[in-house]
Amino acid sequence: MRTATVFGVTVAGLVLAAALVARPAPTQPQRPATNAGPTTARLGVPHRRARFAHGEGDERTTAAAWEYANRAYPAATIGSSSAALALRPAEATARAFAPSKTQPRWFALGPAGVSGALTGLDPNLGGAVSGRVTALAVVPGCSRRRCTVLLGSAGGGLWRTDDGLGSHPHWRPIASAIPSSAIGSIVVDPSDRTTIYVGTGEPNGSNDSEAGVGIWRSGDGGVTWHALTSWPFIDMAVASIAVDPVDSDILYAGTSLARHGASAIWGGRSYSPRSRGAGLYRSLDRGRTWQMILQRPHAAGTYGAVTRVLLNPADRHTVYAAVSGYGLQESTDGGRRWRQVLAVPDPHADDAERIDVDVSPARPSTMYAYVGHDGGDLWRSTNARSGRPRLVKVTSTNPVSGTSDAHGLCADQCSYDLVVRADPRRPNVVYVGGSASYDDITGTIGGTLPYESNGRILVRSTDGGRSWSDVTLDGSTRGLHPDMHALAFAADSRIWFAGSDGGIWRSDGRYVDHSGDCIDRALFGPGFARCERRLGAIPRRLVNLNAGLATLQFQGVALDRNHGLGLIVGGTQDNGTEVLRGGRWANVIFGDGGPAAIGTDGQTIWHTYTDASPEVSLSGGGSSSWVFTGDPLIRSGELASFYVPLQADRVSATTAYVGLEHVWRTADAGGMTGADAANVALHCNELQGTPDPSFTCGDWTPLGAPLTSGGGTKAGEFVTWITQSPDNPDIAWAGTRAGRVFETLNLRAPVASDVVWSRIDSDTMPNRFVSGIVPVTGPEGMSIVAFSGYGANTLDLPGHVYSVTPHRLGAADQSMTTRDISFNLPDVPVTALAIDHRNNDLYAATDIGVFRLPGHGTRWTLFTSGLPRVAVYSLEVHERTHTLVAGTHGRGVWAVRLA
């Protein structure tokens, strides 16, 4: 029997090469946009990283408005007093909450480099994938015998291998002393290769670009680390660091804003009140003190971010700074005075017109700058040493011209994925990487043949930008993952390392002519000529280096409640949905993976992409069994988070729930077990279906009234959380982005419109994003509600965790009690909540770890023994095994056996 002691109160991850297999493809895209599910037609978008989600009312009008609104939310503006009222930085908080030595230890469940190829596709495709790589550095002296490569990941921390040129490099995580796993930049001191600087915080402007804890230095090659004076960089992203090659005391650091508080359901992430304005800083004493030397006005987000700083190799006093939304700035006196040498064409563009820039060490007068306008164009200067460099655009939109092959590489998300690097030994050789040129590969003839390139994720020019080859795939059709962020060179600069949303790859330095492939593609005229140009010099071999990198970014993790831990399903950022079964992880579907769910039979499995896009498999998640069910949700036009909440029913294997403005339900697996199941399977199967624009895939229906409209406070936005009672399946709770909390006592009513929702939040609870709801065992009917965001932004209601004892419909006593039980919890966003029903212990996930509150206690403690310093996006207690399972955004899935 359970007791009731209560808290002191009585394609995507699919490698792009998959799109290039000469095999019959599903007959897409025939479904109209209003009826579009994430079928193979969505190979055009699964790797794109949206900067902002759907569903913010008037705040959706521009990216800048969205960024600002989420920084201030729910306030209208950002008050200067908020920073002073925020609690201590994350690293100090972690020290103050040091975990007890008697705690049980977390252990890793994996994966470490899971296969990214779908079952049944060509085995050459895909290979292992890992999480988003944001920074790379090759330590000088790289040779076949020893080549040290440092890798920074978006959420998985800093990794190192000393056999970077080997066939199977051995990766190991280093820098565990750094209390942030979000890495933005890595640089090795050019005059001392044992001195390494790491900038934390990811600068890429995505919703899950996590804030960091400043700049850290190692003086012994990465064995030990210590923080530099971090006051300008706390809760920011350090995008780029430069070290003076003559005087190592002189450092430069460019910063951008970044967020805390992202979770399995996006919408609650926000900027810390401690965040300072983005800009360029300089230190003259090796990082002990810093001075802002360049800053441009910025609304929020990536505007004004300095995403690249570098010194001219021939003149250390000439400094270049790429400022998003403004342009390329130059100083010839070490940063005292600045002038703009290249302006962005549209400073008010939604993507903030990011710039990346590089100068050839082999010829310091040669500069390359790629400007993210209209998808991106390359500019080149041949007089970069003159003090007044003249930059000329060398790319063209004319498809006949060879220069057009490098146009538009970062599409509409240049603030997210863009890198330009000059070959350090060959000044006319330059590389540009971006998202992927999906239009090149989605145009097909007869539904079987690819089009004019291999995707142009990374392109290479050997003549200073006049012509380009596509180096996305190698001679065996093995290829890079979309969304490039980093590129570094070995000592033999023909060998390069490329980092993307799918991990890291290495070229072998040799190139082969595959222009003959264009004949098989049945191309004619200009299209054939473009194909021949692009495939004229592709890598002989691209080596996948992801094995052993445990850096996958899980959005959410679903457990099989009725069985053991042998079945786990989780969606990952841009690397699809992964399934753990029988001790082995496998990728079961491509794209951006969101929340997942497992039915009571252990065979009915749900997954989501971005948006309201649930798919179901009745056979345990086999890649050919996925059926799209989202048409009614998409057609409803309701606001929804970028990732939507998804829950499987605790009684019926075929019943599931999704949150938009309503809570929606299907009782027959989206129609797969209903009267029209044969037609659903025929027309809606993800990989093998025959789409029919007139056929509706899915049969979701809204339950009762919408939860975001009507009178009262905290109106608007969308549903962010759904929880069903483990004791009574008719009882459920739901929360919204604006802070509303509801309870229903008839969730499973046969008629969907009969479901009644009652508000149980109060004016004493904050109007912030609801990031978790868990029921407490006992007669009181109590539930616990978690809120994301910062208390410093809701000064009158600063709490993060509340207990709610609601009225019961029809009861004589209609009173309701709410209580803030945040106690000593630091002012950091809570991203998930879990409860151990054996003793009602609470567990709260944050960006700095997991906290525990005993069921009878009033004091939170850090519960992280053995767990890496990583943001935790989902948290759940598996009751049968009495195990707490965490889905981390950068280090895979972890678990701990509870006492």
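The largest pocket holds about 1500 Å³ of space. Of the 50 residues that line this pocket, Ile186, Val187, Arg308, Asp358 and Arg421 are the closest to its centre. Keep in mind as you look around that this is a predicted model.

Which strands supply the lining of the largest pocket with at least two residues each? They are S4 (133–138), S8 (183–188), S12 (236–243), S16 (306–312), S20 (355–359), S24 (419–422) and S28 (484–489). The largest share comes from S16, with 6 residues.

Now to the second largest pocket, with about 900 Å³ of space. Lying nearest its centre are Arg561, Gln647, Arg650, Leu875 and Glu876, out of 42 lining residues. Strands that give two or more residues to this lining include S34 (554–559), S42 (646–648), S50 (770–775), S58 (872–878) and S59 (883–888). S58 gives the most, with 5 residues.

| Pocket | Space | Lining by class |
|---|---|---|
| Largest pocket | About 1500 Å³ | 32 nonpolar, 10 polar and 8 charged residues |
| Second largest pocket | About 900 Å³ | 24 nonpolar, 11 polar and 7 charged residues |

Is Ala886 buried or exposed? Its relative accessible area is 0%, so Ala886 counts as buried. Beyond its neighbours within four places in sequence, Ala886 is in contact with Trp106, Val872, Ser874, Leu875, Gly892, Val893 and Trp894. One of these contacts, Leu875, is also among the residues that lie nearest the centre of the second largest pocket. For a sense of distance, take Val896: it is 10 residues from Ala886 in sequence, and their C-alpha atoms are 8.7 Å apart in space.

Another strand worth a look is S30, which spans residues 503–507. S30 is mostly covered, with 5 of its 5 residues buried. What are its partners? On one side of the story is S29 (residues 496–500), which pairs with S30 in the antiparallel sense over 4 bridges. Within that pairing, Gly499 has Ile504 of S30 as its bridge partner. S29 and S30 form a hairpin, and 2 residues sit between them. S30 is also joined to S33 (residues 542–544) by 3 bridges, and these two strands run antiparallel. There, Arg506 stands opposite Val543 in S33.

Notes
Residues are numbered from 1 along each chain as its sequence is written. This is a predicted model: local features need pLDDT of at least 70, side-chain atom pairs count only at pLDDT 80 or more; totals for chains, interfaces and linings use all residues. Side-chain values use heavy atoms; hydrogens and water are left out. On a 1 Å grid over the protein atoms alone, a cavity is a set of points where a 1.4 Å probe fits but cannot get out, and a pocket is an open set with protein on both sides within 12 Å along at least five of seven lines; lining residues have an atom within 4 Å of a point. Grid points are joined across faces, edges and corners, and a volume is the space filled by probe spheres set on the points. Ala, Val, Leu, Ile, Met, Phe, Trp, Tyr, Cys and Pro count as nonpolar, Asp, Glu, Lys and Arg as charged, and the others, Gly among them, as polar. Buried means under 20% relative accessible area, exposed over 50%, partly exposed in between (1.4 Å probe, protein chains only). Contact means heavy atoms within 4.5 Å. Two strands pair if DSSP finds at least two bridges between them.
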